[in-house]
Every structure is written in C-alpha cells, then in structure tokens.
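Okay, thanks for coming, everyone.

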Amino acid sequence: MYDTIIIGAGMSGLAAGIRLAHFDQRVCILEKHYTIGGLNSFYRMGGRDYDVGLHAMTNFARKGDKRGPLAKLIRQLRFGWEDFKLAEQIGSSIRFPDVELDFNNDIGLLESEIKARFPDQIDGFRSLCGSLLDYSDMDGDAPDFMRSAREVMAEHLSDPLLIEMLLCPLMWYGNARENDMDFGQFCIMFRACYLEGFGRPYKGVRVILKNLVRKFRGLGGELKLRSGVSKIHVDDGKAVGVVLDDGTELQGKRILSSAGTVETMRLCDDITEPDVAKAGKLSFIESISVLDCEPKDLGFDRTIVFYNDSPTFHWERPEEQLCDARTGVICSPNNYIYESDEGSLPDGVVRITTLANHDLWSELPEEKYRAAKVTQYDEAVASAVRFMPDFRSRVIDTDVFTPKTIRRFTWHDNGAVYGAPDKQLDGTTHLPNVFLCGTDQGFVGIVGAIVSGISMANRHCLQV
C-alpha cells in the first residue's frame, strides 16, 4: 500500500514525489514512457544530444534570491543553486513587421524599448505592470483571474500593436486558450518572461531531470518506467489504486496525476465518457538545425526571437493545414552567458517552433508523414529567416518533432503542449483522493511544473 501513487514522471510528478518522500511517505511514480521528463525530455541521435521542449527555463533567479518560484522550488525540494546552475540569456526579441522590442532579464530594457518605440504608451505599460496579480493570488480566487487578458490590457494600453507584441511571447510560452488568455495566466507568464526572464543549464534539461530522479530515489521513492496506468480503480466513491497496462494492480491511499484533466478522467473506472471537448488543441512542430558554426558567427546573437508576420497575432490551431508558420519562436541554446569553465556548446543550433494540427499529422501514413516533416521543416525555416540571418547554407544536420512526437512523450489528447484551456487551479477532481498536478492544474513551463507538483503535494497529500 502506497501513501501516494503519482501518474507521470514529468517535472511536476518528480517534484511532488520528492516533496512527499521528504516526509517519509511511501511514494511510487508511474511512467508510461521508457524515459522521464514528459514534454521536457531529451534524446540522443547521430551522436548528438537533443532536448525536447526546452527553449529556456522561465522564472530566472540569481543565486541567493529569496523570492519567486525558482527560489521556492530550491528551498522546498532542498536543492542547492548549483544543482540547477542556470546560465542567463544574452537577450531576446519580439519581432513584428517594421517593429522590434528587445528584452532581457531586467525589465528596464523592455521599458526603455517601449518608451522609444511607443512613447505614448509607457505610462500605460507601467500601470499594466502595477495591475498584475500577486503569486499569492494564483489559486484563482482573485476576481480578475478569469477576465480576458486582452480586455484588461486595453484598459491600460491604447495601441493595438503593442498589445499584440506583448502577448506574443506569453502565449507562446504558456497559453492553452486560443486567441486570448485568462488574466491570471497572463500575470503568471508576464512575471515568468518579462520580470524574471530566461535561463538554461549548460547541458540542458537532462541536468534537471537527473537531479530530480537522483533526489527522489535517494529518499526511497520508487520510479517505474514503461508502467502505464490503464485504470484508476474506484470503490465506494474513492480511488483505491491503479491497474497498469500489464495488469499489475497497485493500491494507494491517494493518487496525484500529471496526465491531464481529460486523460485522468478517462482512467477512472467510474466515468464512462470523459468530456473530450475540454481537451486543449494547441500543438507544435519543432525544426532543429545543427550548424557548422555558432549562430552569432552569422550575426544572430538573440537567445529567443518571437516573430509574427503581420500586425495581428494569430494564436489558434491551423484547421486546414499541417502547420501555420506565420508566427513562431526561434531559439539558439548557444546564446546564453555560460561560465568560462563550461566553454561553448559542441554545435551551433537553431530551433524553430510553429503551430501545428495534431489530427492532420496523425492521419498521415508513414511515408507521407516522413515527407511532410521535410516539407514543413523547409517552410518553418523559410518563414524564420525573414526575421533572422539566413543560416541554411551552414546546416549540417536536422531533426523534426511533430504533434505525434509530443503525444508520444506526454499522452496529452491532441498533442496539446499546454493542456486544457480551463485549468483546475485547486487540483481537485470528482474524487476526494485523486488530484491533478502539472499543466492542467495551471502552472506551465519547467519551473511552473515543478512548483505545481510541490504545491499540490503540500496542499492535498501532506494535509492528512
């Protein structure tokens, strides 16, 4: 009998497991995949290491900072700052036709950029910053949490283009709702991207994952890979355990699931038809280019570029085509301020992310699927080089992952990167001892997912 069974060995599940194991709970984490990490994982191919999902860790904080999510997770999981060892971004940009806004981990740069390019909007921008909900309000109780972010922004800013430009990175890095954001989610992402900013470990996401697993196992936690859950068994209105894909039954006092709301409901054997309409729709394709030089040798020194090719930012699933390259994210892991003892990354890398339709990708037979990856890689790069130096002649290797890949790593319906648009902020379900953590609870990104696991463990699994 386990005290807590955790479904999913992503960031939130691993963090929750560590938190509970610190308090001597008997915890088992079950992972359907052969590896850990969920969306934020890694793989090796052709002698090179590739991250899945990691452009940057948001919520950057410097060693010794006391406030913010990163400081909280280091404290609550009893890590040291060196266990994450984040390198700070060089600087990022929002690029629309004829207008560019640079930003870094100091909000003063973005303020000065807005003052220079939108001089009549700077007071409104400062007023908007002052209206942000506090982290303590992120349980959704604040009356403004569910308001339209566009509606709130329009109360402070009168220039539609500035509103579109500010929304672009925030939606790309953490918004499951098409074309608008809940104001609460806007506040979370505004802080994460603009007030705290971006960082990255030199060796990528594998450093964080390996530290999480090492800590969890060191505390006596059990991690079972290739152990998918086929059913959450419910008896007399409570979950009593799970059945694995191979028929093994495990008993637990409570269950914490990072599988997603719809996906978790589908597992409960007291529910016959989960409401699949509530599942998220937004999925991505990522095109990875390995270069024979560093991107900055070609004149590209930006850590991340968020681009959009018209004054209006379109944030919705493409319905009639595999991908929509009108907007995208260009990232180079080379463009961080790594410490001198780490040196440079072994290869120059450019990663381009565009919106994609999971259903259309999934319907392709294997041969057409492989061909479409090549075609869509070319289209994504052609779109991106309108906003950066053309690097195509320097490419020596490529890889592409699609919504099918995301589905395989996360098992989210529709390959939805940020899960369902309606978050269950308190983590509760219809069962008194089954709780949610991770993307569908409400915090996204690496730091957000870890904080979600900690918060839900504290709230529901330690208060007994």
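**Charged residues, one by one**

Let's start with arginine 78, which sits in the loop between α2 (69-76) and β5 (86-89). Before going further, the ground rules: this is a predicted model, where local features need pLDDT of at least 70, side-chain atom pairs count only at pLDDT 80 or more, and totals for chains, interfaces and linings use all residues. Residues are numbered from 1 along each chain as its sequence is written, and side-chain values use heavy atoms, with hydrogens and water left out.

When I say helix or strand, I mean DSSP runs numbered from the N terminus: H or I with at least four residues for helices, E with at least two for strands. By that count the chain has 13 helices and 19 strands.

Back to arginine 78. Its phi is near 60°, a positive value in a residue other than glycine. That's worth a glance, because most residues other than glycine have a negative phi. Arginine 78 has 48% relative accessibility, so it counts as partly exposed. On those words: buried is under 20% relative accessible area, exposed is over 50%, and partly exposed is in between, with a 1.4 Å probe and protein chains only.

Lysine 85 lies in the loop between α2 and β5 too. Its phi is also positive, near 40°, and lysine 85 is partly exposed at 27% relative accessibility.

Now, salt bridges. The cut-off is a side-chain nitrogen of Lys or Arg within 4 Å of a carboxyl oxygen of Asp or Glu. How many does a search of the whole structure find? It comes back with 32 salt bridges.

I picked out a few. Arginine 147 pairs with glutamate 155 at 2.6 Å, N to O. Here arginine 147 is partly exposed at 22%, while glutamate 155 counts as exposed at 53%.

Arginine 177 and aspartate 182 make another salt bridge, at 3.2 Å, N to O. Arginine 177 is partly exposed, again at 22%, but aspartate 182 is buried, with a relative accessible area of 12%.

Then there's arginine 317 with aspartate 359, at 3.6 Å, N to O. This pair links distant parts of the chain, 42 residues apart: arginine 317 is in the loop between β14 (304-308) and β15 (323-331), and aspartate 359 is in helix α10 (residues 358-363). Arginine 317 is buried at 12%, and aspartate 359 is partly exposed at 31%. Lysine 85 comes back here as well: salt bridges that share partners join Lys85, Glu339, Asp341 and Glu342 into one network.

What about charges without a partner? Asp235, Asp236, Asp269 and Asp270 gather in a patch of negative charge on the surface. A patch takes residues with over 30% relative accessible area and no salt bridge, and joins like charges within 9 Å. Of these, aspartate 235 is in strand β10 (residues 229-235) and is partly exposed, with a relative accessible area of 47%.

Last, the overall picture. Of the 464 residues, 61% count as buried. The C-alpha atoms fill a box of roughly 60 × 50 × 50 Å along the principal axes. The radius of gyration, taken over C-alpha atoms, is compared with a globule rule of 2.2 Å times the number of residues to the power 0.38. A compact globule of 464 residues would come out near 23 Å, and the chain has 21 Å, which agrees.

Technical notes. Patch = residues over 30% accessible without salt bridge, like charges linked within 9 Å, V, L, I, M, F, W, Y side chains within 5 Å. Areas by Shrake-Rupley, 256 points an atom, 1.4 Å probe, with all protein chains shown as cover. Lys, Arg positive; Asp, Glu negative; His and termini not counted. Charge placed at Lys NZ, Arg CZ, Asp CG, Glu CD.
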